[in-house]
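Trainee: Could you walk me through this one slowly? I would like to look at the contacts between side chains before anything else.

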Amino acid sequence: MSDRKHRIAIVGTGGIARSHARAVTSHPDRAELVAAVDVDLGRAKEFASTWNIPAAYPSLTELLAAGGVDLIHLCTPPNSHVPLAVECLAAGVDVFMEKPPTLSLDELDELIDAEAKSSAQVACVFQHRFGSGAVRLRRLADEGVLGRPLVALCNTVWYRDDAYFAVPWRGTFDVEGGGPTMGHGIHQFDLLLSILGPWQKVTALAARQARPTQTEDVSMALVTFENGAVASVVNSLVSARQTSQLRFDYENATVELEHLYGYKDENWTVTPAPGQDAVATAWSADAVDVPSGHAAQYAAVLDALTSGAPTPVTLTEARNTLELAAAIYASSFTDKPVHRGELAQGSPYARRMGGPGAPWS
């Protein structure tokens with residue numbers, strides 16, 4: 001592209017759209033909001049007024065027909081992601097899509113096929129990869145400073161009351177894609193996977209402990225990785241003391257993160273193993289503190305759009321994460337371990353996260 005600003009439209013003006021608007025406006029020299037879209041045109045106009053957006057539309061089709069957009073942020077309910085993204089790709093317009101990217105592995109593969117036929121591309125929102133702490137951890141791991149990864153813990157233990165599930169599209173496999181495994185913990189275990197790489201096998205359980213939902217409100221998984229590391233992953237919506245925790249035990253150090261919905265460098269702790277004080281020095285050598293969040297990922301997206309590189313996180317990268325979510329459901333509901341690559345296209349848990357249905361249904 002030339003040096004002009006990237007022209008941005010937000011489709012779906014619910015709660016998460018505010019995070020996207022803040023991300024765009026945090027880069028005023030590089031991007032500008034030019035349109036807002038919502039099936040409720042009044043809500044789109046209200047959102048446009050709040051964020052000084054010049055145009056509002058009741059449909060993506062009308063927005064695309066008007067032209068003049070470089071990147072569309074999809075902030076709609078998950079069941080609409082694929083048809084809307086396919087429409088954008090057919091029009092040659094890039095997409096920045098909220099999590100979960102699709103409701104199933106088969107849908108994600110459908111979207112990968114559509115992207116291959118388009119000049120445009122899709123980036124998936126997994127913003128915790130982009131905080132400086134995660135970037136630093138990946139760098140030190142790649143450089144061998146930390147030694148081999150051995151053990152990891154990944155806990156997303158949050159609280160949502162019964163009223164939270166009164167929103168019609170929440171707590172269903174057919175609209176939301178699943179419970180905390182898909183809609184909440186996916187951010188933390190995506191960060192886990194971005195650090196540890198491809199997973200190999202998962203053994204899991206899921207339960208509906210307390211909430212009025214068709215899906216689980218708790219899931220737990222034991223995961224092995226190709227590099228030999230082992231991890232536990234917990235996703236909960238019934239935990240009164242809310243926290244998001246990651247712990248990585250390497251040969252030379254333990255690296256821990258505790259936050260809630262986003263982290264800064266101060267949320268990370270490094271404990272060197274005996275005789276490995278050089279790890280602490282290496283960790284503190286980079287003083288730049290970039291909080292995780294939409295703005296951090298958005299900077300990387302704008303960099304890619306400007307240079308012509310793939311926009312992060314690509315659909316192929318996101319597939320590793322979505323496949324783990326599908327495997328957690330498959331293992332939980334079949335009471336069997338699931339290996340990566342086992343959920344073949346068209347199989348029950350590739351077609352739908354809940355497969356034939358949760359045991360309690």
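Trainee: Which residue does Arg 30 meet in a salt bridge?
Mentor: The partner of Arg 30 is Asp 303, and the N to O distance in this salt bridge is 2.6 Å. The term stands for a side-chain nitrogen of Lys or Arg within 4 Å of a carboxyl oxygen of Asp or Glu. Please keep in mind that this is a predicted model, in which local features need pLDDT of at least 70 and side-chain atom pairs count only at pLDDT 80 or more, while totals for chains, interfaces and linings use all residues. Residues are numbered from 1 along each chain as its sequence is written, and side-chain values use heavy atoms, with hydrogens and water left out.

Trainee: Why does Arg 30 count as partly exposed?
Mentor: Arg 30 counts as partly exposed because its relative accessibility is 22%. Buried means under 20% relative accessible area, exposed means over 50%, and partly exposed is in between, with a 1.4 Å probe and protein chains only. Asp 303 is partly exposed too, with a relative accessible area of 43%.

Trainee: How many salt bridges does the count come to?
Mentor: The count comes to 17 salt bridges. One of them joins Arg 43 to Asp 38, with the closest N and O atoms 3.1 Å apart; here Arg 43 is partly exposed at 42% relative accessibility, while Asp 38 is buried at 5%.

Trainee: And what about Arg 129, which residue does its side chain meet?
Mentor: The side chain of Arg 129 meets Asp 190 in a salt bridge of 2.8 Å, N to O. This pair also links distant parts of the chain, 61 residues apart, with Arg 129 in the loop between strand E6 (122-124) and helix H6 (132-142) and Asp 190 in helix H8 (residues 186-196).

Trainee: Is Arg 129 buried or exposed?
Mentor: Arg 129 is buried, with a relative accessible area of 11%, and Asp 190 is buried as well. Leaving aside neighbours within four places in sequence, Arg 129 is in contact (heavy atoms within 4.5 Å) with residues including Arg 138, Ser 194, Tyr 263 and Glu 317.

Trainee: Which residues form an aromatic cluster?
Mentor: Phe 173, Tyr 329, Phe 333 and Trp 360 form one cluster, and the count of aromatic pairs comes to 11.

Trainee: Changing topic, how many residues has the largest nonpolar core?
Mentor: It has 83 residues, and those with the most contacts inside it are Leu 63, Ile 72, Leu 192 and Val 202. The largest share of this core, 11 residues, comes from helix H11 (residues 315-334). A nonpolar core is a set of buried Ala, Val, Leu, Ile, Met, Phe, Trp, Tyr and Cys residues joined through side-chain atoms within 4.5 Å.

Trainee: What does Leu 192 touch?
Mentor: Not counting residues up to four places away in sequence, Leu 192 touches residues including Ala 152, Phe 225 and Phe 248.

Trainee: Last topic, the strands: what is the order in the open sheet?
Mentor: The open sheet of 6 strands has the order E3-E2-E1-E4-E5-E6, with parallel pairing, where two strands pair if DSSP finds at least two bridges between them. Strand E3 (56-57) and E6 are the edge strands, each pairing on one side only.

Trainee: Which strands form a hairpin?
Mentor: E11 and E12 do, with 2 residues between them. E11 and strand E12 (residues 253-259) run antiparallel and are joined by 6 bridges, and in this pairing Asp 249 stands opposite Thr 254.

Key. Helix = DSSP H or I, 4+ residues; strand = E, 2+ residues; numbered from the N terminus. Phe/Tyr/Trp six-rings, centres within 6.5 Å; stacked < 30°, edge-to-face > 60°.
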